[in-house]
Amino acid sequence: MATGKIKTNNLPFLLEKKEVVLVKPAKPTPSEVLSFSTLDNDPNLEIICQSIYVYRAKSFSSIKGGHHDLVSSNGKTHDLELSSDPVTVISDALSRVLVYYYPLAGKLKRDSDGELRLNCNSSGVPFLSASANCELSSVDYLDGVAVEVAKPFVFDWPGEDDDDDGRHPLILQVTKFSCGGFTVGMGLSHSVCDGPGAAQFYRAMAELATGKTEPSAKPVWERERLVGKPTKTPFQNHIDKSSLATSPHLPCTEIEHGCFNVNSETIKRLKTSLMKECGDEFTTIEALSAYVWRSRFRALQFNSDGKTVFSLTVGSRGRLNPPLPGGYYGNAFTGAYVTIMGKDLNEGPLSRVCKLIKESKKIACSSDYNWNSINMFETMRRENIKLEMDDATLVLTDWRQLGLVEEVDFGWKGPVNMIPVPWRMFGYVGLCIFISPSTLDPAMKGGLRVLLSFPATAMAKFKEEMDALLNLGDDKALA
């Protein structure tokens with residue numbers, strides 16, 4: 001047993017980690033090598049995305065014959081002796097769900113021909129059990145805590161880059177706290193799953209933990225459905241990199257990660273101000289993403305005579321022709337793009353920026369647009385072209401609709417908090433994530449959290465911009 005000492009808010013606590021075990025499928029599974037779609041093969045997605053789910057200690061609804069029964073949020077009753085240990089419950093559920101999601105128990109590797117392949121060999125999922133001798137409340141249920149505090153609750157499997165067999169696409173860590181609560185830290189390959197696909201897997205694991213014999217959504221691989229056709233004309237980047245805005249704060253080595261709460265009343269006031277400005281109505285994503293984009297531009301002090309780019313991740317499920325089957329858990333999304341001059345973003349009416357985002361979303365929702373994007377990526381892949389993240393681009397992804405807060409019950413009711421771990425994500429200085437608030441703060445019901453990373457020298461200015469939003473009154477115009 002390895003023991004490491006961690007400090008948070010000047011409060012030392014011990015984290016005891018057991019040896020990593022490989023959890024294998026509970027039954028024999030197919031032995032095969034699977035290929036990937038055009039989107040899955042994007043080198044920018046060849047990363048492990050890490051997230052942490054926070055569960056409070058369970059409550060007991062009844063005492064029968066001297067022992068407790070546990071009633072979970074789906075109404076099922078479970079014997080305490082069988083379900084009191086989250087490590088046992090989740091490792092058992094993982095073993096059983098891998099019968100259906102057996103590719104996640106294999107090894108992922110990019111071959112010499114440039115193609116990603118997944119060897120379904122039942123190698124198993126690295127699973128780490130840990131215990132912290134503190135209560136979850138002492139680390140605020142990981143709500144708004146520093147990345148350094150959250151980092152010990154997920155782990156990397158060492159030496160994978162040197163493994164000729166490939167690397168594990170899924171890694172799990174369950175950490176128990178002295179209060180009876182626990183966290184689930186999940187690392188999942190973005191090449192294998194996008195956000196909805198990851199949520200589908202995580203819900204399936206919870207369903208098997210709480211009494212179901214099989215997942216309600218059967219997983220579908222079929223990555224050949226989203227393999228594009230190379231275009232006849234060579235790929236051309238339509239944005240001249242020399243025309244993009246630059247920041248005196250970038251590149252940098254000292255990064256700060258920020259989490260900003262935006263309550264429902266603030267969102268309502270923002271929408272009202274925009275309506276007064278132009279007469280149009282905007283969704284939360286349109287209004288708030290425009291504000292965040294402009295605030296980031298100001299905080300990083302980009303030059304106004306350069307171009308800046310906004311990219312909104314838009315899901316493709318339900319929008320493709322032919323349609324994807326239910327249960328498909330591979331990457332299925334595109335980007336809605338807006339490119340404008342820095343001066344127009346910084347000094348022009350914010351409502352105009354919202355309109356541009358609304359228009360780009362509408363275009364990105366068409367099947368033709370999605371297929372054109374897939375074909376473009378396939379052309380780039382064949383020509384060995386990789387689009388690098390640039391400083392002037394902000395990529396925004398919205399995790400609120402994934403159903404990962406409150407809905408995923410292992411027998412302790414749903415998580416009270418879920419956070420992504422940004423230091424493992426691509427281009428995190430240019431990445432913004434909208435996530436649902438923790439359920440422990442009633443004042444945040446209907447609101448959201450904005451996660452962004454900045455150079456340490458620019459974070460104070462961004463906080464100033466966000467404070468201006470929170471202080472926006474009905475009688476104040478957007479500045």
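Which residues line the largest cavity? Keep that in mind as we walk through this predicted model.

**Stop one: the cavity.** Select L39, S316, L320, F333, T334, N370, S373, I374 and F377, and you have the lining of the largest cavity on screen. The space inside comes to about 40 Å³. Now colour β16 (333-341) and α9 (367-382), each of which supplies at least two of the lining residues. Helix α9 gives the largest share, with four residues. By class, the lining has five nonpolar and four polar residues, and no charged ones.

**Stop two: an aromatic pair.** The structure holds 14 aromatic pairs. Start with Y55 and F410: their ring centres are 5.8 Å apart and their planes meet at 70°, so this pair is edge-to-face.

**Stop three: W221 and its surroundings.** Next, select W221 and Y329, another edge-to-face pair, with 5.8 Å between centres and 75° between planes. W221 is in the loop between α4 (195-209) and β14 (255-262) and Y329 in the loop between β15 (307-315) and β16, so the pair ties together parts 108 residues apart in sequence. W221 is buried, at 13% relative accessible area, and Y329 counts as buried at 2%.

Finally, show R223. Its charged end sits over the ring of W221, 3.7 Å from the centre. R223 also lies over the face of Y328, at 5.6 Å from that ring's centre.

Terms used: Residues are numbered from 1 along each chain as its sequence is written. This is a predicted model: local features need pLDDT of at least 70, side-chain atom pairs count only at pLDDT 80 or more; totals for chains, interfaces and linings use all residues. Side-chain values use heavy atoms; hydrogens and water are left out. On a 1 Å grid over the protein atoms alone, a cavity is a set of points where a 1.4 Å probe fits but cannot get out, and a pocket is an open set with protein on both sides within 12 Å along at least five of seven lines; lining residues have an atom within 4 Å of a point. Grid points are joined across faces, edges and corners, and a volume is the space filled by probe spheres set on the points. Ala, Val, Leu, Ile, Met, Phe, Trp, Tyr, Cys and Pro count as nonpolar, Asp, Glu, Lys and Arg as charged, and the others, Gly among them, as polar. Rings of Phe, Tyr and Trp (its six-membered ring) pair if their centres lie within 6.5 Å; planes under 30 degrees apart count as stacked, over 60 as edge-to-face and the rest as tilted. Buried means under 20% relative accessible area, exposed over 50%, partly exposed in between (1.4 Å probe, protein chains only). A charge sits over a ring if NZ of Lys or CZ of Arg is within 6 Å of the ring centre and within 35 degrees of the ring normal.
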